[in-house]
Amino acid sequence: MKVDTGFLDALKLGGEFDARLCINCGTCTALCPLGLEILPRRLFRHALLGDRERVLGETDAIFSCLLCRLCEANCPAGVHIAENVRALRAVLNQGVQGLAEA
Amino acid sequence: MTGRKLGVVVCQCGGNISDYVDVEKVRAEAAKDGDVVSSQVQMFACSDAAQQSVIQEIREKKLDGIVVCSCSPKLHTATFRAMAERAGLNPYEYTQVNLREQCSWAHTHDRAAATEKGVRLVRAGIAKTALSQPLEKMRVETLPQTLVIGAGVAGLRAALALSDLGISVHLVEKADHPGGQVRRWGTLFPNDKVGQALIEDLVGRVTARDNIMLYLNSELVEKSGRVGAFSVTIRAANGERIPLNVGAIVVATGFEPYTPAPGEFGAGLDGVITLPELKERLAATAGPLTHRGQPVRSIAYVYCVGSRQPAEEGTRRTYCSRYCCSATSHLATVVTGLDPKIHQFHLFRDVRTYGKYEALYERALKSGSLFLRYSEEDPPAITRENGGLVVRVHDRLLAGEEVEIRPDLVVLVTGMVPRANDDLVRVLKVPIGPDGFFREVHVKLRPVETIVDGVYIVGTAQGPKNVAESVATALASVSKAGALLLKGYVDLDPLVARVDPTRCTWCGDCQTACPYGAIDEVEYGDRHIAQVNAVLCKGEGACVPACAKAAISVQGYTNEQITSMIDALAKEVA
């Protein structure tokens with residue numbers, strides 16, 4: 001994969017996306033009531049590395065998230081997982097779905 | 001049987017010895033010796049309570065010699081000599097038997113054989129003590145003057161602290177300005193002090209002192225004498241040789257940043273620089289970073305360049321350089337402060353921001369740095385393609401998937417290597433460790449002392465350190481030098497060579513053998529004999545086998561003692 005710094009900049013504009021503190025422990029994945037496998041540690045890693053293609057390919061998963069925050073409440077690194085999902089949705093809304101900014 | 005009254009103490013070392021050696025059997029075998037009138041086993045012989053009970057035993061049974069079978073003499077010789085002295089015994093009638101490093105720890109797999117060896121070692125210790133003589137320490141004067149080599153942050157700080165104690169300092173610097181490496185660096189971790197300001201403050205205070213003499217463009221070229229009274233020669237800028245007399249020497253010669261070989265992690269490519277180069281660039285600029293006039297929008301840092309190399313033949317750089325992880329994490333936040341939009345990728349092996357420096361790593365993470373871990377076997381590849389830098393690294397968090405980064409700047413996080421100063425090493429006669437840095441006596445117990453009494457090693461001359469650690473060792477050497485010099489005298493071990501004037505016929509072989517120049521030819525009646533300068537003699541014993549007349553021996557290790565020790569070691573164990 002290639003790091004796309006332009007996508008990283010877009011993520012920053014889309015909201016406060018920040019998953020750098022993630023220690024990749026997998027607590028979030030294990031707790032997810034929907035059993036979304038990709039979410040969030042792998043997805044966030046792709047996002048952090050600016051892998052535009054991979055993140056866009058997970059649109060379904062990103063929009064399936066219930067934002068229940070079960071993962072966030074139990075994250076040992078204190079990553080704001082739900083906020084990050086919302087930031088990703090904002091980026092997808094702008095760039096992929098072609099929706100204009102409100 | 002010599003008619004002596006000896007005591008034997010066998011230490012368990014809390015299991016370090018007793019887990020592998022049958023200490024009770026060792027004690028029982030020792031007690032069979034005709035000279036041994038007291039024997040006991042202690043859990044920790046070095047503890048206050050145990051020492052107290054041994055002192056009582058020495059007094060009650062009127063012992064005239066004591067053998068303690070515990071750890072390496074390096075660790076506790078001084079402890080037990082002091083104990084013997086408190087009990088009213090001559091401290092040189094005490095013998096330490098190394099039952100731990102040279103027995104239990106070396107033979108953890110075979111208790112019976114370790115016990116047998118232990119018995120032999122104790123017998124040898126008893127045999128040596130039975131022939132021991134009371135010896136008196138030699139008291140020599142010390143000069144309240146010091147030589148500090150290197151005017152970097154450690155040398156400057158040591159000079160100031162020595163000056164505070166009222167000890168005069170000759171501060172010798174090879175370069176044409178003081179300040180060393182720190183002077184060139186901008187903001188330093190952990191608390192954002194500016195390197196140049198730090199040095200300017202120190203230099204200002206040093207030059208204001210009457211009892212600090214700063215010599216620039218100068219080098220130490222000769223050293224002789226002994227602890228408390230060294231004669232040294234400085235070669236000054238104009239070639240003039242300045243002789244000085246000093247009581248102690250502090251070596252603060254610092255380090256050299258590692259220079260990557262051409263091609264190592266892309267070294268030599270346009271846009272590939274080292275950590276010290278980046279620090280210098282940042283120190284020289286107030287605005288966002290640029291490279292060749294273009295703004296730098298992304299940086300890739302490659303950690304552990306030149307450090308933690310595989311231990312191949314001839315490789316000295318197997319060590320961690322300690323400061324680089326913390327320095328780079330801190331630097332990343334400085335860079336973000338100049339340009340919040342910059343992208344920073346840290347390609348690391350292990351983040352070793354030890355202690356409270358972990359906060360720097362967290363701050364770097366939160367301020368927009370991304371960390372990717374690579375493995376030693378699979379290092380990042382750095383090339384230039386189509387006019388831009390390309391870094392390829394396998395990210396462990398993506399199961400080893402290749403990640404391609406196109407940064408504007410690649411920073412090689414280079415470690416510390418020892419300075420190439422072979423001439424100084426030869427003059428000082430201080431040993432070098434396997435890593436090429438000056439070697440201390442014991443990393444934890446005697447961290448700034450060397451085997452040459454009165455010569456101390458501080459800062460990065462001794463090994464990689466950050467500024468705070470360098471200053472801490474500088475001040476440690478000041479405590480040591482202060483304790484030595486302010487007393488006005490030092491007691492030296494009397495374990496030195498002595499000549500039997502009735503046997504010596506002066507052939508000069510001992511003088512040739514002695515590496516310390518401690519043997520002089522003197523007149524004795526109508527003939528010439530050898531005489532030992534006890535202050536220069538280190539008790540090394542090179543002269544002893546050189547003497548065809550057996551006229552020279554080392555006190556505390558006489559020929560008779562060594563022969564009887566060999567006999568005791570060879571005797572069968574039932």
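Predicted model: local features only at pLDDT ≥ 70, side-chain atom pairs only at ≥ 80, totals over all residues.
Two residues are in contact if their C-beta atoms, placed from the backbone, lie within 7 Å. Strands (E, at least two residues) and helices (H or I, at least four) are DSSP runs, numbered from the N terminus. Ala, Val, Leu, Ile, Met, Phe, Trp, Tyr, Cys and Pro count as nonpolar; Asp, Glu, Lys and Arg count as charged; the others, Gly among them, count as polar.

Residues are numbered from 1 along each chain as its sequence is written, with chains lettered from A and ligands numbered from 1 in the order in which they are written. Local features need pLDDT of at least 70 and side-chain atom pairs count only at pLDDT 80 or more, whereas totals for chains, interfaces and linings use all residues.

Chain A has 7 helices and 0 strands. Its mean pLDDT (the predictor's confidence in each residue, from 0 to 100) is 84, and 88% of the residues score at least 70. Of the 102 residues of chain A, 34% count as buried. A residue is buried if 20 or more other C-beta atoms lie within 10 Å of its own, exposed if 12 or fewer, and partly exposed in between; C-beta atoms are placed from the backbone. Of the chain A contacts with a separation of 6 or more, 71% join residues 24 or more positions apart.

Chain B is divided into domain 1 (6-136), domain 2 (145-254 + 419-490), domain 3 (257-415) and domain 4 (497-554). These bounds come from an automatic or database domain assignment. The centres of domains 2 and 3 of chain B, taken over C-alpha atoms, are 32 Å apart. Here 12 residues of domain 2 of chain B are in contact with 16 residues of domain 3 of chain B. The domain 2 side divides into 5 nonpolar, 4 polar and 3 charged residues.

The largest nonpolar core has 129 residues, of which Val250(B), Val251(B) and Val458(B) touch the most other members. Domains 2 and 3 of chain B both give residues to this core, so it lies between them. A nonpolar core is a set of buried Ala, Val, Leu, Ile, Met, Phe, Trp, Tyr and Cys residues joined through C-beta atoms within 7 Å.
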